[in-house]
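Hi,

Here is the structure I promised to pass on. Have a look at it first, and my notes follow below.

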Amino acid sequence: MGIPMVRNLLNKGFSVCVYNRTREKEKELIKLGASSACSLQHLSQVSELVITMITDDEAVEQVYNGLLADPSPGTLMIDMSTVGTQISKKLAKDCRAKGVRFLEAKVSGSVKPAEEGQLVIMAGGEMKDYQQALPVFETLGKSSSHIGEVGIASAAKLCLNYFLALTMQGLAETALFAQRLGIDTADMLNLVNESALGSGITRLKSQTILSNDFSPAFALKHITKDLRLVQKEGMPFPLFNPLLATFQTAFQMGYGEEDAIGIIRFLDKHGSGFKTPGSLNKAISRQSIR
């Protein structure tokens with residue numbers, strides 16, 4: 001779980017025990033009143049509810065191997081990581097085999113919503129487990145909902161992040177196209193945001209573009225990873241392959257540590273000459289033939 005989220009729980013009076021594979025990251029939270037587990041196994045033995053938020057499928061599985069070494073019976077494990085649907089289902093199965101419960105609770109929102117307790121939370125699993133976790137979700141988010149069995153929330157998060165990537169690239173391409181037509185970038189972005197096209201994400205990322213500060217709120221490397229997960233789920237539609245190719249190429253060319261809207265810098269420098277790889281073009285052609 002991110003530091004701002006833990007901070008919000010502590011501020012609301014929750015008793016929190018933390019464990020981070022990079023132990024240095026625990027220090028701020030310990031100063032704020034959190035205790036520290038000596039291991040993942042220890043964490044799952046002293047907690048009624050364990051929340052994980054980790055980068056990718058492989059890391060999540062590694063962490064759960066530790067958590068499930070010898071957990072207290074009946075512990076509720078909640079995974080907030082953005083992972084594939086099959087990983088979530090496997091975690092649920094592994095938890096059942098160890099006599100503990102599992103809930104997936106995926107979040108929409110980056111650094112600022114996390115700091116302000118304004119995340120949107122979508123959960124999959126047993127309703128009774130969701131109800132037990134609801135006080136935590138109400139602290140971390142502005143809304144939460146139980147939308148089905150394990151796997152459904154992971155799928156919903158991937159759908160949201162696909163739309164997020166489309167929006168990021170669409171905003172970037174619009175701003176660059178406007179520049180080439182002689183339109184001031186600030187004027188163009190203002191028109192986008194004042195029109196029916198404007199949204200929370202276009203307004204937020206317009207500020208990033210205009211400030212030319214691409215410090216990551218949600219890093220390009222992470223949205224690229226999420227698009228690869230979307231690919232694994234079998235995304236069949238024609239915009240997906242060129243979108244993935246663009247973000248993946250930007251990542252490979254060194255833009256991964258920038259904010260995801262840093263795709264505008266990649267497109268500005270390489271977009272005119274950037275071609276969708278041949279294999280992806282063939283896939284797009286097959287889709288259009290169908």
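Helix α13 spans residues 263-270, and its buried residues are I263, I264, F266 and L267. Buried here means under 20% relative accessible area, exposed means over 50%, and partly exposed is in between (1.4 Å probe, protein chains only). Helices (H or I, at least four residues) are DSSP runs, numbered from the N terminus. Viewed down the axis of α13, these buried residues fall within an arc of 160 degrees, so they line one face of the helix; the arc is taken from the directions from the helix axis to the C-beta atoms. They pack against α8 (152-180), α10 (200-211), α11 (220-232) and α12 (240-255), where contact means heavy atoms within 4.5 Å.

A word on the source: this is a predicted model, in which local features need pLDDT of at least 70 and side-chain atom pairs count only at pLDDT 80 or more, while totals for chains, interfaces and linings use all residues. Residues are numbered from 1 along each chain as its sequence is written, and side-chain values use heavy atoms, with hydrogens and water left out.

Helix α12 also holds Q248, which counts as partly exposed because its relative accessibility is 23%. Leaving aside neighbours within four places in sequence, Q248 is in contact with T224 and R228. The side chains of Q248 and R228 make a polar contact at 3.3 Å (a pair of N or O atoms within 3.5 Å; within protein, one must be able to donate a hydrogen and the other to accept it, and residues adjacent in sequence count only if both atoms are side-chain atoms).

Lastly, N212 lies in the loop between α10 and α11. N212 has a positive phi of about 60 degrees although it is not a glycine, and it counts as exposed at 57% relative accessibility.

Best wishes

Note on methods:
Helices (H or I, at least four residues) and strands (E, at least two) are DSSP runs, numbered from the N terminus.
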